[in-house]
Amino acid sequence: MPNFLTDTNIEHLKSQFFDHAETNFTLWDKDLNCIDANESFLKMIRLQRNEILGKKITDISPDIVTSGHLELYKEVLRTGKTLIIEEMKPISASGNFNFRIKAFKAGDGLGLVIKDITSLKETIENYKMSEEKLNTFVNTTDEMMHHLSPTGEIIWVNDAWKKHMGVTEEEVIGKKIFDYIDEPTTVEFNRIMPTIMKGNRVDNLSCKFISKAGEIIFLEGQTFPVIKNGSIVGSNAFLRNVTHVKKLEQERIHLNITLEQKVMQRTAELQNSKASLLEAEKIAKMGTWEMNFVDNKTKWSDNLLDLFGLKINEIEPSFEYLMSRVHPDDIHLFQNANPVLMTEKEPVELEIRIMSSGNNYKWVLNRIVPVIEGGQVIGLKGINIDITEQKRIHEQLQKSLSETSDYKFALDESSIVAITDQKGVIIKVNDNFCKISTYTSEELIGQDHRIINSGYHPKEFIRNLWTTIANGNIWKGELKNQAKDGSSYWVDTTIVPFLNEQGKPYQYLAISSVISERKKIGEELLKLKEELEQKVQERTKEITRKEEQYHLLIDTMREGVLYVNNEDEIQFANKYFYEMTEYSKNEIIGRKANEIFLDEDNKGKIKAVNESRKNNVKSNYELQIKTKSGKKIWVSINGAPVINEKGLTIGSVGVHADISILKQHISDLEEILFSLSHKVRQPVSNILGISNLLDNDLIEINELRKIANCMRDSANSLDQFTKEMNNLVWTSKQKVENKNWA
């Protein structure tokens, strides 16, 4: 068999490889004249072979003198030491040509291998740019991120971590994480650290950090192990600052406590005022009532019920019941008073008889005042005073007058009696009159009646009084008199005219009883009642204002608030919850929350949470819920039981934070980290290995072809990864920019 590998054949094979290799090869003699060049080199310089053979290297590439390469090539010829040079040349206005030259001694001459590394350079630059973009993304997010060693030393933190904690990188790197957390969080970290070291991640992490300024920072998020070469080398954490949510919750609790305290205080004040009012009414033998035309409700005070001989809650007070107790002969008084109250909108005063058992009755003075709102009478208020005793005295006096002519009538010791002529000159007074007025009978008889009462009443009032009695009518009312010693006192007075045969008055009998104390009590009662009503109005306004403030606080939160009862029926949701879930108020109030927002997988979880609420258990958890459009979003829920005044759990309230973007951030970052670990290391390792191989002086043809293919595959793989990573970072950045984080 003929030997194929003859010297001629080997030379021919070498020539074929030399000419067809994609790498640029040139040979130069000891004076640096061109001996040969392969086709790839000729294409690069755009010359024919006959145009360069025998030519000086300085003629072909004049810039090697200024670049210093000529001296370097001569040094290779002198020493025989291989040299590698990397350089960049502009090839157009839009780009550059990067190449690597390997110069080595070939016989007495010089061999040059020129490799185009433009694509490799671009790949490395793209990788560096992607790394910069990743760093930009990590340091522009508002989520706090850190990397810890297995023993808790801080290896790395992002800009958000430093900003929220108020520290510099020099202050924190190398410190223990326990230097920045409170005691309960330290206990929690010690509890979960073994879990992380076993390769498990921890979600729903809730902790409190302490900033450099001493401020408590509430955080929620996740922590997971960092694995390298199959071993756990530390842990990473992504934490969201929820301090503002916690502060809002604390403000809400403080607001509720303050409101409850004020309500209790106001209630105690009202109860004390009511007790004082009831006691005063009892002393004065009087009671109050109200009638509201809007809701057709009537209210009687306890003393008014007692005045009617009724027990508390024995009947439902109403105008119809009142009329059923009024003496038939007095019903017309109400009919006559109606136009005055409703049309003229003026107060009236009636003396009526209230029927009781055994055909007995009480005399009651009924003072009625219209309640006016917007120019319309919307109700009535009144005070009823028992005047039975005064009536008995007057009747007794009238009887005495009809039986005697010397005015020695039997009167109650408390009665004040005076007789005047038709002009008002005092003719006679009894002892009690003198005692009350501090005048003697001699000082009074012959004096005008105005000696005791003219200074306190308007002239119009006195004129109307005399007009009434001058026409032969009885006058009843209250008068304020002045005693000789300068003091004043109120009397309840009845003036009866004595008529002659012609029916004209010739004398007037005035019978009075002192009511100063009752008047004072009445005035105090009215004042107390007004103060009571004012306090009720103030309390109502304050409660309304607090409720408005509370609802404003709730509705301006950038977290969704949901309140459900023990049956999971929605009782309340704030504005942001409706926006987050795309539902309206009418669509969810009264419905079961788990039927609206949860799929079957999560209903069991919520059922367990709701059961724990009944045992006064608070919790923080993450859950995926459905919006009205069917979109699924992730929410972080801080839930707490709602306790009534009896200490019973009546429902549950939850603050919902939309963490869908955060979840996507974590997923994107994990994908980036995974890609960095698996897609970058291999091609970079290949490139580094190839670079080392290129340093060898002698490379076989087959090895060179494998090296070229391997470098091409690695470069393509790295280029494809950088494109994917650029897209991922850009997409994540767009999500952040398009999301309004509160």
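Contact here means heavy atoms within 4.5 Å, which is the sense in which helix H9 (residues 183–197) lies across E8, E9 and E10. What you're looking at is a predicted model.

- Five strands make up an open sheet, ordered E7-E6-E10-E9-E8 and paired antiparallel.
- Its edges are strand E7 (154–157) and strand E8 (202–210), each pairing on one side only.
- From one strand to the next, the twist averages 30°.
- Strand E9 (residues 216–228) and strand E10 (residues 231–241) share 10 bridges in the antiparallel sense, and glycine 221 sits opposite leucine 239 in E10.
- Helix H9 runs at about 145° to E8.

**The largest cavity**
- There are eight cavities of 30 Å³ or more, and the largest has a volume of about 300 Å³.
- Of its 20 lining residues, His449, Asn453, Leu479, Ile495 and Ala510 are the closest to the centre.
- H18 gives the largest share of this lining, with four residues; other elements supplying at least two include strand E16 (415–421) and helix H17 (450–453).
- By class, the lining has 14 nonpolar, six polar and no charged residues.

**The second largest cavity**
- This one holds about 240 Å³ of space.
- Its lining counts 21 residues, and the closest to the centre are Leu562, Ala593, Ile606, Tyr621 and His656.
- Among the elements giving two or more residues to the lining are helix H23 (600–613) and strand E24 (632–643).
- The lining divides into 13 nonpolar, six polar and two charged residues.

Note on methods:
Residues are numbered from 1 along each chain as its sequence is written. This is a predicted model: local features need pLDDT of at least 70, side-chain atom pairs count only at pLDDT 80 or more; totals for chains, interfaces and linings use all residues. Side-chain values use heavy atoms; hydrogens and water are left out. Two strands pair if DSSP finds at least two bridges between them. Axes are lines fitted to C-alpha atoms, for helices over the stretch in contact, and angles run from 0 to 180 degrees between N-to-C directions. On a 1 Å grid over the protein atoms alone, a cavity is a set of points where a 1.4 Å probe fits but cannot get out, and a pocket is an open set with protein on both sides within 12 Å along at least five of seven lines; lining residues have an atom within 4 Å of a point. Grid points are joined across faces, edges and corners, and a volume is the space filled by probe spheres set on the points. Ala, Val, Leu, Ile, Met, Phe, Trp, Tyr, Cys and Pro count as nonpolar, Asp, Glu, Lys and Arg as charged, and the others, Gly among them, as polar.
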